[in-house]
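Hi,

Here is the structure to go with your copy of the sequence. Could you load it and then read my notes below?

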Amino acid sequence: MKRIFALVFALVAACALHAQVPASCSQVIVGITEGWNSSQAQVSLVEKNASGQWVRVLGPFPARLGRNGTVWGLGLHANPRGATLKKEGDGRSPAGVFAIGGLWTTTKTPVRHDRALPEVHVGPNDLWVTDLSMPQYYNRYIRLNHPAATAWELHEQMKQTDYPHSIKLLICHNTAGTPGRPVLGGGSSIFFHIWRNDGAAPTAGCTTLHEQNLRAIIARLSVVRHPVYVLLPRTEYVRLRAAWRLP
């Protein structure tokens, strides 16, 4: 477990806290919504070409977000002064700029990906903690030395047989690796994963896509490109595009 977390932390630490897309980044997953309260987005993957120009290489793909839309999250960006921030259980997806973490999978069909991106094959020993009463573990991955057995362990256990959660790519919102994080109650367990009911269902805060589209994005990601996820309402994206060096 320590090795896996070290790899994830390295991905986050590669980008210091910025008010814009880090200069080292040449690959961005872009999610655009039509407003803060929308649970739908269009997601594309863009890359810098040899001339330094941003080019869309995948998408746009339809995606589902939190049932209540989006709200500013805790990522690589600087939030506006006085902004409302993501809270545990608010049903909103975090907006901003976020590093990409590792993969957590239960699918029997291998997920093609950059081998420098760590993958955890999820089993009964694996937890992701959302419990606010356990601040020392909050929004952290834990691998027990035994299968989850107590009521608390079973509640925090990562899903074992739920198809939409069979492929999960970590969105580094409020994760360890940045000083002062995780912030207790600031939102936990934020991933890309497969959408539910063919996209008819919103999420509790994750970004979900059709399996084929999610696999295509993961297969294209390259750790050396320092990929990030930018999720913003369209008006905010336009307003911040120059200042944040958005694609």
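Proline 182 sits in the loop between strand S9 (167-171) and S10; strands (E, at least two residues) and helices (H or I, at least four) are DSSP runs numbered from the N terminus. Keep in mind that this is a predicted model, where local features need pLDDT of at least 70 and side-chain atom pairs count only at pLDDT 80 or more, while totals for chains, interfaces and linings use all residues. Residues are numbered from 1 along each chain as its sequence is written, and side-chain values use heavy atoms, leaving out hydrogens and water.

Another cis bond joins glycine 59 and proline 60, with omega about 5°, and proline 60 belongs to strand S3. Serine 189, in the loop between S9 and S10, has a positive phi near 55° although it isn't a glycine. Arginine 245 has a positive phi near 55° as well; it lies in the segment after H4 and is partly exposed at 41% relative accessibility (buried is under 20%, exposed over 50%, partly exposed in between; 1.4 Å probe, protein chains only). I flag these because most residues other than glycine have a negative phi, and most peptide bonds are trans.

**Pockets**

The largest pocket has a volume of about 610 Å³. (A pocket is an open set of points on a 1 Å grid where a 1.4 Å probe fits, with protein on both sides within 12 Å along at least five of seven lines, and lining residues have an atom within 4 Å of a point; the volume is what probe spheres on the points fill.) Its lining has 31 residues, and those closest to the centre are Thr130, Lys159, His165, Ser189 and Ala204. Helix H2 (151-156) and strand S10 (191-194) each supply at least two lining residues. By class, this lining has 8 nonpolar, 14 polar and 9 charged residues (Ala, Val, Leu, Ile, Met, Phe, Trp, Tyr, Cys and Pro are nonpolar, Asp, Glu, Lys and Arg charged, the others polar).

The second largest pocket holds about 350 Å³. Of its 14 lining residues, Val30, Ile32, Ser44, Arg56 and Tyr237 are closest to the centre. Strands S1 (27-33), S2 (40-48) and S3 (54-64) and helix H4 (234-240) each give two or more residues, with S3 giving the most, at 4.

**Charged side chains**

There are 8 salt bridges (side-chain nitrogen of Lys or Arg within 4 Å of a carboxyl oxygen of Asp or Glu). Arginine 234 pairs with glutamate 34 at 2.8 Å, N to O. Arginine 234 is in helix H4 and glutamate 34 in the loop between S1 and S2, so this pair ties together parts 200 residues apart in sequence. Arginine 234 is partly exposed at 40%, and glutamate 34 is exposed at 60%.

Aspartate 90 bridges to lysine 86 at 2.7 Å, and lysine 86 is buried at 5%. Arginine 215 and glutamate 211 meet at 2.8 Å; both lie in helix H3 (residues 211-220), about one turn apart, and both are buried. Glu47, Arg220 and Arg225 form one network of salt bridges that share partners.

Cheers
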